[in-house]
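Take a walk through this structure, one stop at a time. Keep the sequence beside you as you go.

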Amino acid sequence: MAVQANTDIRAYAIVKGVKLWQLAKYLGYVHENNFSRRLREELPEETKKEYRKAIDTLACAEGI
């Protein structure tokens, strides 16, 4: 069985209490399925840094 790509980003969002659909919306994806497709392939580290920053922003906005 194949290992799921970007597990670090997925886990980080869970720990911070941010849903992936919230992250997709924040990042400007029109439909969350487009974002899910993006996560199927391992992302470059620079993109992951941007996603972590967005997760942190969302977590602070939610008061987590």
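**Starting at a buried residue**

Asn6 is buried, with a relative accessible area of 1%. This is a predicted model, and residues are numbered from 1 along the chain. Find Asn6 in the segment before helix α1.

Look at its backbone next. Most residues other than glycine have a negative phi. Asn6 is not a glycine, yet its phi is positive, about 60°.

What does Asn6 touch, leaving out residues up to four places away in sequence? The list is Arg38, Leu39, Glu41, Glu42, Leu43 and Lys48. With Leu39 there is a polar link too. A polar atom of the Asn6 side chain lies 2.8 Å from the backbone oxygen of Leu39.

Now turn to Leu39 itself. Not counting residues up to four places away in sequence, Leu39 touches Ala5, Asn6, Arg10, Leu20 and Tyr51.

**Into the core**

The largest nonpolar core has 13 residues. Which of them touch the most other members? They are Val18, Leu23, Phe35, Leu39, Tyr51 and Ile55. At least two residues of this core come from each of α1 (7-16), α2 and α4. Helix α4 gives the largest share, with five residues.

Ala13 sits in helix α1. Is Ala13 buried or exposed? With a relative accessible area of 1%, Ala13 counts as buried, because buried means under 20%. Set aside its neighbours within four places in sequence, and Ala13 is in contact with Val18, Leu20 and Ile55. Val18 and Ile55 are among the core residues that touch the most other members.

**Where two helices cross**

Move on to helix α2, residues 20-27, and helix α4, residues 45-61. Their axes come within 10 Å and cross at roughly 105°. So α2 is roughly perpendicular to α4. On the α2 side, the contact is made by Gln22, Leu23, Tyr26 and Leu27. On the α4 side, Tyr51, Ala54, Ile55, Thr57 and Leu58 take part. What kinds of residue are these? Seven are nonpolar, two are polar and none is charged.

Stay with α2 for a moment. Gln22, Leu23 and Ala24 are buried in this helix. What covers the buried residues of α2? The cover includes α3 (32-38) and α4.

**Past the end of α2**

Gly28 follows α2. Its phi is positive, near 95°.

Tyr29 lies in the loop between α2 and α3. Why does Tyr29 count as partly exposed? Its relative accessibility is 25%, and partly exposed means between the 20% limit for buried and the 50% limit for exposed.

Leave aside the neighbours of Tyr29 within four places in sequence. Tyr29 is then in contact with Ala24, Asn34, Phe35, Arg38 and Tyr51. One of these, Ala24, is a buried residue of α2. Phe35 and Tyr51 are among the core residues that touch the most other members. With Arg38 there is a polar contact as well: the two side chains are joined at 3.4 Å.

Finally, look back from Tyr29 to Ala13. These two residues are 16 residues apart along the chain. Their C-alpha atoms are separated by 17 Å. Ala13 is buried, whereas Tyr29 is partly exposed.

Notes. This is a predicted model: local features need pLDDT of at least 70, side-chain atom pairs count only at pLDDT 80 or more; totals for chains, interfaces and linings use all residues. Side-chain values use heavy atoms; hydrogens and water are left out. Axes are lines fitted to C-alpha atoms, for helices over the stretch in contact, and angles run from 0 to 180 degrees between N-to-C directions. Helices (H or I, at least four residues) and strands (E, at least two) are DSSP runs, numbered from the N terminus. Angles under 35 degrees count as roughly parallel, over 145 as roughly antiparallel, 65 to 115 as roughly perpendicular and the rest as oblique. Contact means heavy atoms within 4.5 Å. Ala, Val, Leu, Ile, Met, Phe, Trp, Tyr, Cys and Pro count as nonpolar, Asp, Glu, Lys and Arg as charged, and the others, Gly among them, as polar. A nonpolar core is a set of buried Ala, Val, Leu, Ile, Met, Phe, Trp, Tyr and Cys residues joined through side-chain atoms within 4.5 Å. Buried means under 20% relative accessible area, exposed over 50%, partly exposed in between (1.4 Å probe, protein chains only). A polar contact is a pair of N or O atoms within 3.5 Å; within protein, one must be able to donate a hydrogen and the other to accept it, and residues adjacent in sequence count only if both atoms are side-chain atoms.
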